[in-house]
Amino acid sequence: MIEWALPSGECVMPKQQYQMLADELRKKIDSGEWPPGTKLPSRAQLCKEYGVSDTVVGKAMMLLRATGLTETLEGVGVFVADRS
């Protein structure tokens, strides 16, 4: 993987695909486009829409869940969490 240097000389790694996807989905949640209670598109739909693998979508979903932005109901789907 390519390393990038900041003006300070500090090296940073570019974001992984799953991190970029999680950022995109987070923007939809934070902007209110997907308000609390909204069911997120299926993994297959997200793969197709963003042109990424199921593994990438799965890791992005784990990040959103770990940060409390989504809740998963087994067999039902992934929903935007109510953070109030």
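Author: The crossing of helix α1 and helix α3 is right-handed. This is a predicted model, and what follows describes that model. Helix α1 covers residues 17-30 and helix α3 covers residues 54-66. Their axes come within 8 Å of each other and cross at roughly 55°. Angles of 65 to 115 degrees count as roughly perpendicular, and those under 35 degrees as roughly parallel. The two helices are therefore oblique to each other.

Next come the residues at the crossing. On the α1 side they are Gln17, Tyr18, Gln19, Leu21, Ala22, Leu25 and Arg26. These meet Val56, Val57, Lys59, Ala60, Met61, Leu63 and Leu64 in α3. Sorted by type, the residues of this contact divide into 10 nonpolar, two polar and two charged.

Strand β3, residues 70-73, pairs with strand β4 in the antiparallel sense, over four bridges. Within that pairing, Thr72 stands opposite Val78 in β4, and Glu71 has Phe79 as its bridge partner. Three residues lie between the strands of the hairpin, where Gly75 takes a positive phi near 80°.

Strand β4 itself runs over residues 77-80. Gly77 and Phe79 point one way from this strand, while Val78 and Val80 point the other way. All four of these β4 residues are buried.

Key. Residues numbered from 1 in each chain as written. Predicted model: local features only at pLDDT ≥ 70, side-chain atom pairs only at ≥ 80, totals over all residues. Heavy atoms only, no water. Axes fitted to C-alpha atoms, helices over the stretch in contact; angles between N-to-C directions. Parallel < 35°, antiparallel > 145°, perpendicular 65-115°, else oblique. Left-handed = near helix turned anticlockwise from the far one by under 90°. Contact = heavy atoms within 4.5 Å. Nonpolar A, V, L, I, M, F, W, Y, C, P; charged D, E, K, R; others polar. Buried < 20%, exposed > 50% of the residue type's maximum accessible area, 1.4 Å probe, protein only. Pairing = 2+ DSSP bridges.
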